[in-house]
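Open the model and keep the sequence beside it.

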Amino acid sequence: MSHIMIRHLPALLLALLCPLAAAAQEGVASFGEGDTEITLRSTTDIAIIRPLIERFTATNPDLSVHYEQWGSNNLFTNSRAACDGRAEPADALLSSGAHQMLWLVNAACARPYRSPATEALPEQRRWRDELWGITEEPAVIIYNTEALDAEDVPRTRFALLDLMRKKPELLRSRIATYDIEDSGLGYLFAHADSLEATTFGAMLEAFSRIGAIATCCSLSIIEGVSEGRYYIAYNVLGSYAEARAAENVGIILPEDYTLMMTRSFVIPRNAPHPEAAQRLLDFLLSPPAQEMLRELGLIAASDPAETSLLPSARRLISLSPPLLLALDRSTRERLFRLWDEAFSADAG
């Protein structure tokens with residue numbers, strides 16, 4: 001069976017074909033010394049979130065946190081298995097794959113909870129008292145400041161399309177974005193683009209023409225831009241770009257519209273320590289923690305004077321039932337097919 005055929009199988013069949021051992025965490029860390037240890041499975045880089053979890057355990061000395069860092073697709077696979085009793089459940093999940101967390105809620109894999117902190121969230125960042133958005137982070141365009149002249153820096157998707165048309169040789173194999181098969185976040189951004197942008201089809205056609213690269217992982221893409229392997233990267237997670245980019249990496253909030261994702265928190269239905277997980281959720285939504293998240297770059301500035309982005313250009317990916325369309329079989333097959341055509345080895 002070909003690689004492309006495998007990726008188009010329904011999610012549940014794919015889960016049966018892929019052993020759970022393959023869905024392993026990327027890193028682990030321990031925080032605090034409390035007698036009650038909770039397991040938090042998250043897609044957030046340990047180095048970035050460390051100060052926040054240290055603050056939580058310092059203010060909750062009876063608790064400790066076993067933190068597991070996962071890729072979004074592997075976390076989704078593991079969480080489905082835990083819901084079905086085929087893997088050990090976590091106490092809490094925090095994922096950049098909001099569509100995947102919404103699927104878990106819809107499949108009755110989540111435990112409801114309500115508090116003043118959760119009720120204070122905007123409607124776009126909560127759903128059914130079972131899913132809560134903790135952050136607001138942009139999808140950005142980044143570029144190598146030493147490779148592009150100032151007049152070539154694309155501040156909109158239209159400008160990026162124009163640059164690819166005018167200077168194809170400069171950009172051939174020098175533009176990168178997420179591989180939507182490997183990255184649940186990349187898939188989420190691509191799906192949102194396909195609904196939002198009149199430029200979506202033209203962008204894929206241009207990517208194909210100049211041999212753009214679909215690859216894995218925010219940090220790898222950011223490093224690639226800094227090292228000059230890529231001159232531009234599209235739809236990169238802005239919080240990681242701010243935290244990890246070198247001085248020669250410029251960051252653009254696209255002025256036509258900027259997608260904003262929210263890391264989504266779920267308390268699994270069979271969580272061993274649900275009350276402790278609720279305390280963690282309330283902490284993450286508390287004013288001190290939200291201010292820390294701003295300092296860590298996980299909540300983007302919203303003042304146009306600071307960002308040069310009009311409020312009308314912000315597009316928060318809402319935690320709501322339409323997001324389930326992202327995991328619809330026909331939707332996935334269509335998007336994967338378009339991506340395969342744009343990023344196939346002989347494209348361009």
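Arg128 is partly exposed, with a relative accessible area of 42%. The classes used here are buried (under 20% relative accessible area), exposed (over 50%) and partly exposed (in between), with a 1.4 Å probe and protein chains only. This is a predicted model: local features need pLDDT of at least 70, side-chain atom pairs count only at pLDDT 80 or more, and totals for chains, interfaces and linings use all residues. Residues are numbered from 1 along each chain as its sequence is written, and side-chain values use heavy atoms, with hydrogens and water left out.

Arg128 sits in the loop between strand E5 (126-127) and strand E6 (131-133). Helices (H or I, at least four residues) and strands (E, at least two) are DSSP runs, numbered from the N terminus. The phi angle of Arg128 is near 55°, a positive value in a residue other than glycine. Cys217 also has a positive phi, near 85°. Cys217 lies in the loop between strand E9 (213-215) and helix H11 (218-227). With 35% relative accessibility, Cys217 counts as partly exposed.

**Charged pairs**

Side chains of opposite charge can pair when their charged atoms come close. A salt bridge here is a side-chain nitrogen of Lys or Arg within 4 Å of a carboxyl oxygen of Asp or Glu. The whole structure holds 22 salt bridges.

Which residue does Arg128 pair with in a salt bridge? The partner is Glu130, and the closest N and O atoms are 3.2 Å apart. Glu130 counts as buried, because its relative accessibility is 11%.

Arg157 and Asp193 form another salt bridge, at 3.8 Å from N to O. This pair links distant parts of the chain: Arg157 belongs to helix H7 (residues 157-166), Asp193 to helix H9 (residues 184-196), and the two are 36 residues apart. Are these two side chains buried or exposed? Arg157 is buried at 0% relative accessibility. Asp193 is buried too, at 3%.

Next, look at Arg329 and Glu333. Their side chains meet in a salt bridge of 3.1 Å, N to O. The two residues are four apart in helix H16 (residues 329-343), so about one helical turn separates them. Arg329 is partly exposed, at 49% relative accessible area. Glu333 is partly exposed as well, at 24%.

Salt bridges can also be followed through a network. Arg114, Glu119 and Asp129 are linked in this way.

**The nonpolar core**

A nonpolar core is a set of buried Ala, Val, Leu, Ile, Met, Phe, Trp, Tyr and Cys residues joined through side-chain atoms within 4.5 Å. The largest one has 107 residues, and Met164, Ile232 and Phe265 touch the most other members. Helix H13 (residues 274-285) gives the most to this core, with seven residues.

Contact means heavy atoms within 4.5 Å. Leaving out residues up to four places away in sequence, Met164 touches Leu171, Ile175, Met203, Ala206, Phe207, Arg209 and Ile210.

pLDDT is the predictor's confidence in each residue, from 0 to 100. The chain averages 90, and 91% of the residues score at least 70. Over residues 1-22 the pLDDT is below 50, and this stretch has 24 contacts in the model beyond near neighbours in sequence. Where pLDDT is low, the predicted coordinates should not be read in detail.
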